[in-house]
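Subject: Structure for you to look at

Hello,

Here is the structure I said I would pass on.

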Amino acid sequence: MIETWYVIVSFMLIAYVALDGRNFGVGLLHRMVARTPEERRQVIAAIGPLWSWHEVWLVGFGGTLLVVFPRLMTSAFAGYYLALFLILWSLILRGISIEVGGHIMDRLWQSFWDFVFVFSNILLAGLFGVAAGNLIRGVPLDANGNFSLAFFTDFRVRGMVGLLDWYTVSVAVFTLLMLAAHGATYLTLKTGGPVHARSAALAKLLWAGVAPLFLVVSVESWVVRPDLFVHIMHDPICWLGLLLLVVSIVMLISGFSSMRESRAFFASNLLLGSIIATGAASMFPVMLQSTLQPENSLTAYSVAASRSTLLIASVWWPMGLGLAISYSVFISRLYTRKVSVEGENQGLS
Amino acid sequence: MSSNIFDPAFWSRLQFGFTITYHYLFPQLTMGLAWFLVYWKWRGLRTGDELYNKAVRFWAKIFGLNFAVGVVTGIPMEFQFGTNWAGFSRYAAGVIGQTLGMEGMFAFFLESAFIGALIWGEKRLGPRYHFLAAVAVAVGSWLSGFFILVTNAFMQHPVGYRVEAGGALGIASLSGYLLNPWALVEFAHNQMAALVTGSFAVAAVGAFYSLRKLHRTQAQLYLRAGTFVALVASVLVAFPTGDQQAKMVGKHQPVTLAAMEGRFQGRSSAGVALVGQPNVAARRLDNPIEVPGALSFLAYGHFGCYVRGLEEFPQNTWPDNIELLYYSFHLMITLGTLFIVLMAYANFQDWRGRLESCSWLLWVLMLAFPFPYIANTLGWMTAELGRQPWLIYGIFHTHDGYSNVVSSGNVIFTLIGFVGLYFVLGVLFLYLVGREIGHGPDKVVTIQNRSGQISTKQTLEDQEALVAEL
């Protein structure tokens, strides 16, 4: 039961990262792929009607976490207090910049909101990257399962660590690059004209850059958490994750070389998903590692809600997911067109 | 509660109170407005009259802005359960987590999947499916309200729970929890109040265009629909929903009822104070002017019933801010009564065919739209201040609920951050909504008089109306 919920929560996280990750990536590349004000509008229109749909997956993730692993949520959210509020504020700025930028056709107004859009997305992608690094490295959990974290301490990865250290920063850099590549792949699929050409060129370049960085981060992760790699070698589920990773890389390459944009974008989502899935499987059952004492770590079993709570959630949660999938089908049929630089079609087919 | 500035519980309360109050300014309009969109969309579908589609297009823009601010200010609410209220979440997540999770999975997903289709999809979807998109958004917004109110109702009147092995709460009966009588009454009361906000806004825009002599047919539509719904909803807020809510408080939170009325000593045939300020130090209501027997009647259905006073309860169970609770409750009642009077008169004038020619009434309708926001806020203040000192009434103290690893300084910092950010957000929102209202539902053309000066801005329709009048 707890294992299933661990998979579900990981799935929600993957769904959020794959869906909202494209918006972060688009934000990171906004200035690079769009050179004229019209092109900048075009890029925003490519994500415009759906940003709130993507963002609510974070709410879905948070709500699921609260009911299924309450101790994890309370411990981590209180511990990451300031960092989490930075994320919340960036999310506010990001949503608003998308929403209000198009309301007034004025260059100064739009330049300002485009700047806010880029700035908040860089911050978000970076912070989520740091969060991923923290999850792997662990936090200074005490015997009560609590911690509070400085922004940085001595930049080392053991003992009283901070939010930032050499490892989490490099994971953040990797995340920024990968989400940028994800966003570029999305724009290749969703846009036409010069933005399309630039996105396609950038996507190839970025994915080429992601590959070596992935190896670097993997080696670093091995230094920080050697136990995870031992786990990966012995766990068939992790092998499955790695297999998916290889499949997605092959699909990505074939998608770009034959310019099958939807295949490339599917592969991009799969790639993100398989990396997170493999990571999540390798960590199980630990959900939050303690850098002070391994026995302080929070495991899925120690933070899970009671059996009856999980049972009740098992009744309604699949129904909710079923509905969400049906909305996804509706959305994917509705927004099939490329967003053109002239049109205000918002990608509606 | 010790309100000393080093108490993180106090600051976490203030932060939650501020962010939820601000957040709720937006959903109350979307929940109210959503059914106007559904209704107009339906009328458009049935009659084929462009009038209704034009109204939907115009209000969908305002709806979209509202929705966006509602989404971005809503996410911090869910996260604060973990960041600031870790103690509460650890204790009660087995119960409240269910509905907070359901809200995400059933309500938010529905609403946000279709909002884009509602705002941009009219051409692509065709009238039938566009109507369904409006229904989906409306249902999603009300479902969201329902799950949140079930969560709140549990905090007001916990039912359907049990204490589990580790000492934390779990669900004993899911249907008991979801169909908490308190939740049903609170939901009905709150949704009617949201309709009041929505309909007052619709009527206010109609009044504004009427006074401006702009967009005449649209103005008429907004005025008539707005004032009619506003009257019905204002009445329903008071009776039966508000009345039932008061009886519920009288039955399950008698100490709260006493505090709401500033009643320190119990008595039979207790009155409702029209004027008076609670004086907690002296334990009396200063300069009271009361309607005798009214409180007994409202709370227990009979003029002679005995209403208990605060002094009959241990002082540590009193709500911790009696003055604020008293003012919130009384001002809410006053405003609610005025809403009924105003809208009854407006409907009477409409019946006589004089609504659009009565200029002072149009002025009042135009300027009245902020007051439902105030009344809604006061209602929530009454509910939440009245719940104190409990976080879950009778079983869990507010002071046990906050995150004890977070220092008060950090909470003050993030609270100030929210105040600043939300101020900017508010200015931006008002500016953009004002702009949309300025643009209006019709294309505006400028007409020039003979000497070439631009005299007025009017729509083609308005010009025709003027010509007809001449």
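The notes below go from confidence, to the contact between chains, to some local details.

Confidence. Please keep in mind that this is a predicted model. For the complex, the predictor reports an ipTM of 0.90 and a pTM of 0.92. Chain B has a mean pLDDT of 90, and 93% of its residues reach 70 or more.

The contact between chains A and B. On one side of the contact are 55 residues from chain A, and on the other are 50 residues from chain B. In chain B, at least two residues each come from helix 2 (50–83), helix 3 (86–120), strand 2 (169–171) and helix 13 (408–439). Which of these gives the most to the side that touches chain A? Helix 3 of chain B does, with 23 residues. By type, the chain B side of the contact consists of 29 nonpolar, 16 polar and 5 charged residues.

Domains of chain B. Domain 1 of chain B covers 8–243 + 332–439, and domain 2 covers 445–470. Taken over C-alpha atoms, the centres of these two domains of chain B are separated by 39 Å.

A hairpin in chain B. Strand 4 (residues 272–279) and strand 5 (residues 284–291) of chain B pair in the antiparallel sense, over 6 bridges. B:Val272 stands opposite B:Val291, which is in strand 5 of chain B. The hairpin has 4 residues between the strands, and B:Arg283 takes a positive phi near 55 degrees in it.

A helix in chain B. Helix 12 (residues 370–387) of chain B has 18 residues. From first C-alpha to last, helix 12 of chain B reaches 26 Å, close to the 26 Å expected at 1.5 Å a residue. This helix of chain B is mostly covered, with 13 of its 18 residues buried.

One residue in chain A. A:Thr188 is found in helix 7 (residues 166–190) of chain A. Is A:Thr188 buried or exposed? A:Thr188 is buried, because 28 other C-beta atoms lie within 10 Å, and the cut-off for buried is 20 or more. Leaving out residues up to four places away in sequence, A:Thr188 touches A:His196, A:Ser199, A:Ala200, A:Ala203, A:Glu261 and A:Ala264. A:Lys338 is 150 residues apart from A:Thr188 along the chain, and their C-alpha atoms are separated by 9.2 Å.

Regards

Technical notes: Residues numbered from 1 in each chain as written. Chains lettered and ligands numbered in written order. Predicted model: local features only at pLDDT ≥ 70, side-chain atom pairs only at ≥ 80, totals over all residues. Contact = placed C-beta atoms within 7 Å. Nonpolar A, V, L, I, M, F, W, Y, C, P; charged D, E, K, R; others polar. Domains from an automatic or database assignment. Pairing = 2+ DSSP bridges. Buried ≥ 20, exposed ≤ 12 C-beta atoms within 10 Å, placed from the backbone. pLDDT = per-residue confidence, 0-100. Expected span 1.5 Å × (residues − 1).
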